[in-house]
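Have the viewer open and follow along.

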Amino acid sequence: MDRRSFLKTSAMGGTAAAATTLAAPAYAQGNRTLTMVTSWPRGFAVLDDAASYLVDFVNAMSDGQLTIDKKAPGELVGAFEVFDAVSSGQADMYHSADYYFIGQHPAYAYYTAVPFGGTAQEVTNWYEHGGGQELHDELGEIFNLKGLLAGNSGSQSGGWFRNEINSADDFNGLKFRMPGLGGKVLGKLGASVQNIPGGELYQALSSGALDGLEWVGPMADERAGFQEVAKVYYTAGFHEPGSALAANVNLDVWNDLTPQHQAILQGASRATTYFQLSETLANNGAALARLQQQGVKTLQFSDDVWDAFGAASAEVMDENMGDELFAKTRASFEESLATSASWINKSDGYYVEQRVRVLGG
């Protein structure tokens with residue numbers, strides 16, 4: 001495929017025009033500054049934390065020779081316009097969740113999360129040792145991008161609701177925010193699924209524009225204030241068992257970087273994944289306790305609801321199998337998942353089960 005021709009015909013309306021206002025990369029005395037557009041408002045818990053960590057790590061490792069100028073949504077482009085801005089070369093890189101861009105290609109879901117997919121560790125296993133990085137690059141070639149994962153928030157919650165979900169039928173007509181292929185699953189169950197940027201979610205939920213939403217987990221959700229407008233919280237979800245973030249770089253920019261600077265960006269991305277996952281897991285328990293103290297009712301979906309999630313998920317995944325690269329990515333991912341699970345279930349999984357049985361908790 002001719003990548004340049006593809007880009008000219010595939011850019012979303014309005015984005016290319018908006019992107020032309022972006023500044024060119026800055027060079028001064030041999031130093032380089034990369035403009036990074038993000039999907040996160042400044043100070044947003046967990047997600048902007050990860051983007052900021054990436055920026056600081058790169059600056060420290062390069063001793064200031066390679067720096068990143070981080071832009072929040074609206075400063076240059078909107079939260080969901082970052083892909084096109086970087087793909088077209090008007091910004092140098094983005095930090096976002098790649099499943100926002102399944103409209104560009106459905107295989108991008110695998111670089112955030114897919115329904116009934118991998119835990120954070122399983123995603124990393126695949127990406128680093130099971131061919132995931134290579135497939136990310138193959139996909140990125142189509143859009144003039146170099147793939148990098150830079151963050152993982154771990155298992156995300158099932159979401160916030162005004163009322164309890166007693167059966168799968170309760171999703172019918174529900175106005176619910178869920179991106180990616182998980183959102184398409186809820187659409188199969190009759191939900192009116194919407195993809196709204198994180199910075200707009202509180203207002204949408206409080207105004208009634210949404211009946212419910214999923215975001216990240218207790219730490220990030222508490223900071224967003226969702227407990228002020230909804231009191232029913234499902235703590236486990238089918239849609240994002242290990243949610244990765246991406247720091248993709250314009251491929252021409254990447255190829256123009258020195259090997260040292262490429263290595264710094266790769267190292268910073270891996271470090272950011274480690275940092276974000278540990279930050280989230282270290283804080284979710286205490287945040288959940290505070291939410292419960294504020295009157296939030298924590299629940300789990302019933303088995304029959306999980307069964308409905310599973311059946312709808314299989315339909316959604318199979319609908320994309322006509323795309324060769326999606327099918328190739330799915331096969332690679334599921335092979336890695338099976339290999340990981342065969343050991344994890346017999347080691348970590350069994351150990352945790354016995355620890356709870358012996359010590360309680």
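A residue is called exposed when its relative accessible area is over 50%, buried when it is under 20%, and partly exposed in between. One thing to keep in mind is that this is a predicted model. With that said, let's start with the backbone.

**Positive phi values**
- Most residues other than glycine have a negative phi.
- Asp-63 isn't a glycine, yet its phi is positive, at about 55°.
- You'll find Asp-63 in the loop that links helix H3 (47–62) to strand S3 (66–71).
- Asp-63 has 68% relative accessibility, so it counts as exposed.
- Phe-116 is another non-glycine residue with a positive phi, near 55°.
- Phe-116 sits in the loop between strand S4 (93–95) and H5, and with 40% relative accessibility it counts as partly exposed.

**Helix H5 and its cover**
- Which residues of H5 (residues 120–129) are buried? They are Ala-120, Glu-122, Val-123, Trp-126 and Tyr-127.
- Looking down the axis of H5, these buried residues fall within an arc of 165°, so they line one face of the helix.

**H7 against H12**
- The axes of helix H7 (residues 180–188) and helix H12 (residues 303–319) come within 9 Å and cross at roughly 120°.
- That angle makes H7 oblique to H12, and the crossing is right-handed.
- On the H7 side, the contacts come from Leu-181, Lys-184, Val-185, Leu-186 and Lys-188.
- Their partners in H12 are Phe-309, Ala-312, Ser-313, Glu-315, Val-316, Met-317 and Glu-319.

**The largest nonpolar core**
- This core has 102 residues, and Phe-171, Trp-215 and Leu-265 touch the most other members.

Notes
Residues are numbered from 1 along each chain as its sequence is written. This is a predicted model: local features need pLDDT of at least 70, side-chain atom pairs count only at pLDDT 80 or more; totals for chains, interfaces and linings use all residues. Side-chain values use heavy atoms; hydrogens and water are left out. Buried means under 20% relative accessible area, exposed over 50%, partly exposed in between (1.4 Å probe, protein chains only). Helices (H or I, at least four residues) and strands (E, at least two) are DSSP runs, numbered from the N terminus. The arc is that of the directions from the helix axis to the C-beta atoms. A nonpolar core is a set of buried Ala, Val, Leu, Ile, Met, Phe, Trp, Tyr and Cys residues joined through side-chain atoms within 4.5 Å. Axes are lines fitted to C-alpha atoms, for helices over the stretch in contact, and angles run from 0 to 180 degrees between N-to-C directions. Angles under 35 degrees count as roughly parallel, over 145 as roughly antiparallel, 65 to 115 as roughly perpendicular and the rest as oblique. A crossing is left-handed if the near helix is turned anticlockwise from the far one by less than a right angle, and right-handed if clockwise. Contact means heavy atoms within 4.5 Å.
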